[in-house]
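Hi,

Here is the structure I promised to hand over. Have a look at it first, and then read on for what turned up.

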Amino acid sequence: MAKLTKKQKEALSKVEKGRIYNLEEGSALVKEVNTTKFDASVDIAVRLGVDPRKANQMVRGVVSLPHGTGKDVKVLALVTPDKEAEAKEAGADYVGLDEYLQKIKEGWTDVDVIVTMPAVMGKLGPLGRVLGPRGLMPNPKSGTVTMEIGKAVAEVKAGKIDFKVDKYGIIHAGIGKVSFDAAKIKENAQELIQTLIKMKPTAAKGTYVKSIYLSSTMSPGIAIDTKSVN
């Protein structure tokens, strides 16, 4: 096990063992226990009472965080020439089609989100092996396959994120930076959690939101009272 630094020990001592914090307390504490010299990401992990192996219990969707993620999201718009100006105007970092498809084929994936049009998806299919494992494959459910290219790019740039439950029933998402006010971290977390609650599958039985943890890069996790998010 790696030896903890003095700063990490100090941060760990601020999180009371066995204590479950309300969301307001946790949002403030996650800033306090940060030990990095850079503006660390604030992450949330929500464990749901679902069996993701069953199609009728899959939880996947998008949410627009009220205060954004604090991250400069790099967007690639794979579009036909008639949509290029719309994508550029909305703030896409890279705009084009065939030249970027070739670059991806050669292994280039230096973007965070890819937005495209339904007509282009056929060309992306063969690149699934490159894009899939990196979570970059556009999907109509996440709003990244659409004819409204400008709107899709603008929403992603403003803080729209997509999420998907993993095989353990956990949703992981970045909801801000430690430089955010605690109130903004809390509101972003609430927005995501409320979205998850609205998406509860009818087939899910028992407790739906089982646990919530807030953490920042290289810092201890903070248990959040699930009742404090309603």
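Leucine 76 counts as buried, as its relative accessibility is 0% (buried means under 20% relative accessible area, exposed over 50%, and partly exposed in between, with a 1.4 Å probe and protein chains only). You'll find leucine 76 in strand β3, residues 75-78; helices (H or I, at least four residues) and strands (E, at least two) are DSSP runs, numbered from the N terminus. Leaving out neighbours within four places in sequence, leucine 76 is in contact with Tyr94, Tyr100, Ile104, Trp108, Val111, Val113, Ile114 and Val115, where contact means heavy atoms within 4.5 Å. Val113 is 37 residues away from leucine 76 along the chain, and their C-alpha atoms are separated by 6.4 Å.

Before going further, some housekeeping. This is a predicted model, so to speak of local features a pLDDT of at least 70 is needed, side-chain atom pairs count only at pLDDT 80 or more, and totals for chains, interfaces and linings use all residues. Residues are numbered from 1 along each chain as its sequence is written, and side-chain values use heavy atoms, with hydrogens and water left out.

Now the overall picture. The protein chain has eight helices and nine strands. Its radius of gyration is 19 Å, close to the 17 Å that the globule rule gives for 230 residues, so the chain is as compact as a globular protein of that length. (The radius is taken over C-alpha atoms, and the rule is 2.2 Å times the number of residues to the power 0.38.) Along the principal axes, the C-alpha atoms fill a box of roughly 55 × 45 × 35 Å. Of the 230 residues, 44% count as buried. Among contacts in the chain with a separation of 6 or more, 72% come from residues 24 or more positions apart.

The domain assignment gives domain 1 (17-69 + 160-224) and domain 2 (75-158), with bounds from an automatic or database domain assignment. Six residues from domain 1 and seven residues from domain 2 make up the contact. The C-alpha centres of the two domains lie 26 Å apart.

Lysine 160 is worth a click here. It is found in strand β6 (residues 160-164) and counts as buried at 17% relative accessibility. Not counting residues up to four places away in sequence, lysine 160 touches Val62, Val63, Ser64, Ser142, Gly143 and Glu155.

Then there is leucine 196, in helix α8 (residues 182-198), which is buried at 1% relative accessibility. Setting aside neighbours within four places in sequence, leucine 196 is in contact with Val46, Val59, Phe163, Ile171 and Tyr208.

Alanine 92 is in the loop between α3 (81-90) and β4 (94-96) and is buried at 13% relative accessibility. Alanine 92 touches Val75, Ala77, Ala87 and Val153, residues up to four places away in sequence not being counted.

Valine 145 has its place in the loop between α6 (128-131) and α7 (149-158), and at 12% relative accessibility valine 145 counts as buried. Its contacts, not counting residues up to four places away in sequence, are Thr116, Met117, Pro118, Met121, Pro138, Asn139 and Pro140. The C-alpha atoms of valine 145 and leucine 12 are separated by 43 Å.

And which way does methionine 218 go, buried or exposed? Methionine 218 is exposed, with a relative accessible area of 57%. This residue lies in the loop between β8 (209-216) and β9 (222-224), and methionine 218 has a positive phi of about 65° although it is not a glycine.

Cheers
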